[in-house]
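Here are my notes for your first look at this entry. Please keep the sequence and the 3D view open while you read.

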Amino acid sequence: MQQPSENSNEWDAVWINAHLATMESTPENPLGLFRDGAVAVKDGRIVWVGPMSDLRNQSGLEHAQVHDCKSKWLTPGLIDSHTHLVYAGNRAKEFARRLAGESYAEIAASGGGIMSTVSATRAASEDALIEQTMPRLERLMGEGVTTIEIKSGYGLDTKNELKMLRVARRLGEWQKVRIRTSFLAAHALPPEFSGRADDYITHICEEMLPAAVEEGLVDAVDGFCEHLAFSNAQMRRVFEAARRHKLPVKLHAEQLSNQHGAELVAEFGGLSADHIEYLDEAGVKAMAAAGTVGTLLPAAFYFLRETQKPPIDLMREHGVAMAVATDSNPGTAPIETLLLTLNMASTCFGLTISEALLGVTRHAAKALGAEEQLGSLTIGKVADFAVWNVSDLAELPYRIGANPLSSRVYAGQRT
Ligand code: DI6
Ligand code: FE
C-alpha cells in the first residue's frame with residue numbers, strides 16, 4: 001500500500017467507500033484493483049490512496065470534504081490520446097459514396113477526403129470551430145474523459161494550422177479538461193503545393209512549425225506516413241525539425257500499408273505509432289526498444305471496414321504498451337465515444353478487458369508523454385477520476401452505447 005506523503009496533513013477532499021482501479025499493474029493484478037478503498041486529494045493532486053480500514057488513522061481527514069462512492073468503482077479519468085476533434089463540417093456524403101462502392105483512397109484522390117474538411121475548416125472562424133467542436137468535446141467529457149489530445153491537420157497553411165491549435169488551447173481553458181496539442185501539418189498535401197510535396201515539407205519545417213512553436217501551441221509533432229500522404233523520408237525531415245525544437249514526435253503509421261513509419265518514430269524515441277494495422281515484427285521490436293506506445297484506433301478500422309488487424313500478439317510478446325483512442329475525425333472515425341471505442345478494441349482486435357482499460361488510462365498517458373502526471377491513482381499525480389455505476393469494470397468495454405458514468409472529478413473538483 002502507498003504511504004502518505006509528508007505534506008498530506010490537511011486534505012481538501014476524500015472519496016470513500018470506493019472500489020479502486022489504481023492502474024498500478026502487477027502481473028497478477030494488471031489494473032491494480034482493490035475493493036473498499038479511499039483516495040484523498042489536496043491542491044488538485046492525489047495525496048493518499050489506501051483501504052477504508054486505514055482511513056480513520058489519517059490526520060488529513062479532519063477538514064476534508066467527504067464524497068461517499070457507495071461501493072462504486074473509481075478509475076483515473078479517461079484519456080483519449082488521439083483525436084482530430086477540431087474541424088468544420090462533416091463528410092456524411094462521402095460515407096454515402098463509400099457505401100456505393102468507392103474506397104477512401106479513391107475519394108481522397110478525387111479531391112474529397114481530407115481536402116474537403118480542409119476547405120470547410122479554412123473557411124471557419126475560430127469561434128465557429130469552437131462552436132462545432134464543443135458538443136463533441138462535451139460528449140467525451142460526459143464519459144469520464146479528463147484529458148484529450150487534439151491535432152491540427154485541416155488547415156495545412158500557417159494561418160489555419162495555428163487557428164486550429166489556438167481553438168484546441170481555448171477549449172482547454174474554457175472546459176474542465178486537459179488538452180494536449182499535436183501539430184499535424186504533414187497530414188495531406190495542400191493544393192498550393194500540388195506536385196511539390198518536398199517543398200511543402202520544407203515550408204512545414206522552416207515556416208509553419210516555428211510559427212506554431214513561437215505561439216506555444218505545440219505539445220508534440222505528428223504526421224501521416226502513407227502512400228497517399230507523406231513518405232518515410234519526408235516524415236524524417238519533419239521529425240528532425242521537431243527535434244530542433246525539442247518536441248516529441250508521434251506518427252500515423254502503417255494504417256493502409258507498411259511504410260516503416262513505426263521504425264522511424266522509434267528511431268526518434270517517439271511517443272507513439274498510431275493505427276499500425278500493417279505493422280511488422282521489425283517495427284514492433286523497434287517500438288519495444290524505444291518504449292514507443294502502439295496506439296490502436298479501432299473506430300477507423302471499423303468505419304473503413306478494414307480487414308488487416310494490428311499485430312496484437314507480437315506487441316504482447318515484445319512488451320509494447322498499447323493505447324486505445326477514438327481518432328475522432330470526420331473522414332475515417334466520426335465517433336464521439338471512447339467507451340464504444342473500448343468495446344471495438346476488444347471485439348475487433350481482441351484486447352482483454354485489462355488491456356482495453358489500461359489503453360485509455362496509464363498507457364494513454366504514456367502515449368502523451370504524461371505518465372508522471374496522469375493515468376493512475378498514484379500519490380503525486382493529478383486528481384482526475386471517473387466514478388462508475390457498475391458492479392464490474394468489464395462493463396465499460398462490454399456495454400454498447402451505455403454510459404454508466406456516475407461522477408467526474410477534474411483536478412480534485414467534482415465537475
Ligand atoms: N488517418 C486517419 O484515419 C485520419 N487521418 C489520418 O491520417 C483521416 C482524416 C480524414 O479523413 O479526415
Ligand atoms: Fe488520426
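1. Which helix gives the most to the lining of the largest pocket? Helix H3 does, with 4 residues. H3 and H4 each supply at least two residues of that lining. Helices here are DSSP runs of H or I with at least four residues, strands are runs of E with at least two, and both are numbered from the N terminus.

2. Before going on, note what you are looking at. This is a predicted model, in which local features need pLDDT of at least 70 and side-chain atom pairs count only at pLDDT 80 or more, while totals for chains, interfaces and linings use all residues. Residues are numbered from 1 along each chain as written, chains are lettered from A and ligands numbered from 1 in the order written, and side-chain values use heavy atoms, without hydrogens and water.

3. Now the largest pocket itself. Its volume is about 250 Å³. Of the 14 residues that line it, Ala108, Ala109, Met115, Ala188 and Leu228 are closest to its centre. A pocket is an open set of points on a 1 Å grid over the protein atoms alone, with protein on both sides within 12 Å along at least five of seven lines; a cavity is a set where a 1.4 Å probe fits but cannot get out; lining residues have an atom within 4 Å of a point. Grid points are joined across faces, edges and corners, and a volume is the space filled by probe spheres set on the points.

4. How many cavities of 30 Å³ or more does a search of the whole structure find? It finds 2. The largest cavity holds about 120 Å³ of space. It is lined by 14 residues, and His84, Tyr104, His187, Asn329 and Thr332 lie nearest its centre.

5. Look along helix H4, residues 114-123. Ile114, Met115, Thr117, Val118, Thr121 and Arg122 are buried there. Seen down the axis of H4, the buried residues fall within an arc of 155°, so they line one face of the helix. The arc is that of the directions from the helix axis to the C-beta atoms. An α-helix has 3.6 residues a turn, so residues three or four places apart point the same way. Buried means under 20% relative accessible area, exposed over 50%, and partly exposed in between, using a 1.4 Å probe and protein chains only.

6. What does that buried set pack against? The partners are helix H3 (104-109), helix H5 (126-141) and helix H6 (158-174). Contact means heavy atoms within 4.5 Å.

7. Turn to the iron ion (ligand 2). Its protein donors are His82 (NE2), His84 (NE2), His252 (NE2) and Asp327 (OD), lying 2.0 to 2.2 Å from it. Donors are N, O and S atoms within 2.8 Å of the metal (3.2 Å for Na, K and Ca); water is not among the atoms, so sites may look incomplete.

8. In sequence, the iron donors are spaced H-x1-H-x167-H-x74-D. His82 lies in the loop between strand E6 (78-80) and helix H2 (92-99), and His252 in strand E10 (residues 250-253), so the pair ties together parts that are 170 residues apart in sequence. Both His82 and His252 are buried.

9. At 2% relative accessibility, Asp327 is buried.

10. Asp36 also has a positive phi, about 55°, although it is not a glycine. This residue is in strand E2 (residues 33-42). Asp36 is partly exposed, at 42% relative accessible area.
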